[in-house]
Amino acid sequence: ESILWFVTWLNNTNMTSVPALRDQYMCNTPLAYFNRSIMDFDTLSCKDMTPFQALYILSSTAVMMLIVTALLVRFHGWRIQFYWTILINRTLGFSDAKVEEGREYEYDAYVIHAEEDASWVDRRLVPLEDGNCRFCLQDRDSVIGTPYLHSILDNMRKSRKILFIVTESLLKDPW
């Protein structure tokens with residue numbers, strides 16, 4: 001293999017420009033060609049590099065795919081996990097829209113809003129309640145006498161979803 005480039009060069013050039021090519025230039029390696037003329041060297045004996053080249057391409061591709069996968073998981077793992085969960089749930093037909101699938105909830109949604117938006121919630125959301133839908137409003141549905149934070153957490157546990165009414169007042173609200 002180490003002599004292949006030299007033999008290829010000799011075959012591609014004018015051999016008459018190299019004096020005493022047949023007599024002076026003898027092979028030292030490989031052992032099959034030891035002490036024979038370089039002109040007798042068979043270049044096909046070096047051509048069995050194809051499996052090694054294929055192995056190199058395959059292994060370098062695998063390493064590159066591993067690096068790309070590691071970077072994707074590192075920087076976009078949460079997004080991949082989110083879409084994977086959606087895909088699995090849609091494929092298996094899971095839906096959280098039915099009460100029967102999970103535990104029984106007392107409320108369909110716990111409504112979080114600022115005090116300044118209470119009149120809007122009363123005007124817009126309370127009329128949406130009917131026999132199938134029920135909202136938990138902190139002012140209306142909290143148990144009197146329980147600590148405020150305990151009441152919030154308890155009502156959230158009793159609700160299937162949490163509905164945020166996001167306004168500037170809510171963003172400024174310390175609670």
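Here are some questions and answers about this predicted model.

Reader: How many helices and strands does the chain have?
Author: Start with the order along the sequence. The pattern reads α-α-α-β-α-β-α-α-β-α. The count for the chain is 7 helices and 3 strands.

Reader: What share of the chain's residues is buried?
Author: Buried means under 20% relative accessible area. The chain has 175 residues. The buried share of them is 21%.

Reader: How many residues of β1 are buried?
Author: β1 covers residues 107-112. This strand is mostly covered. Of its 6 residues, the number buried is 5.

Reader: In which sense do β1 and β3 run, parallel or antiparallel?
Author: β3 spans residues 159-164. Y107 stands opposite S159 in β3. The two strands, β1 and β3, are joined by 5 bridges, and they run parallel.

Reader: How many bridges pair β1 with β2?
Author: β2 is the strand of residues 135-137. A109 stands opposite F135 in β2. The pairing of β1 and β2 is parallel, and its bridges number 3.

Reader: What is the hand of the crossover from β1 to β2, right or left?
Author: Follow the chain out of β1. It passes through helix α4, residues 118-124, and goes on to β2. This β-α-β crossover is right-handed.

Reader: Why is K161 classed as partly exposed?
Author: K161 sits in strand β3. Buried stops at under 20% relative accessible area, and exposed begins over 50%. K161 falls in between, so it is partly exposed, because its relative accessible area is 41%.

Reader: How far is the C-alpha atom of K161 from that of D108?
Author: Along the chain, K161 and D108 are 53 residues apart.

Reader: Which residues are closest to the centre of the largest pocket?
Author: The largest pocket has a volume of about 290 Å³. It is lined by 15 residues. The closest to its centre are I112, H113, Y148, I152 and W175.

Reader: Which element gives the most to the lining of the largest pocket?
Author: Elements that give two or more residues are β1, α5 (138-141) and α6 (148-157). One of them gives 4 residues, the most to this lining. That element is α6.

Reader: How many residues of that lining are nonpolar?
Author: Sort the lining residues of the largest pocket by type. The charged ones number 3 and the polar ones 2. The nonpolar ones number 10.

Technical notes:
Residues numbered from 1 in each chain as written. Predicted model: local features only at pLDDT ≥ 70, side-chain atom pairs only at ≥ 80, totals over all residues. Heavy atoms only, no water. 1 Å grid on protein atoms, 1.4 Å probe; cavity = no way out; pocket = protein on both sides within 12 Å on 5 of 7 lines; lining within 4 Å. Points joined across faces, edges and corners; volume = space filled by probe spheres on them. Nonpolar A, V, L, I, M, F, W, Y, C, P; charged D, E, K, R; others polar. Buried < 20%, exposed > 50% of the residue type's maximum accessible area, 1.4 Å probe, protein only. Pairing = 2+ DSSP bridges. Right-handed = clockwise from strand over helix to strand, strands pointing away.
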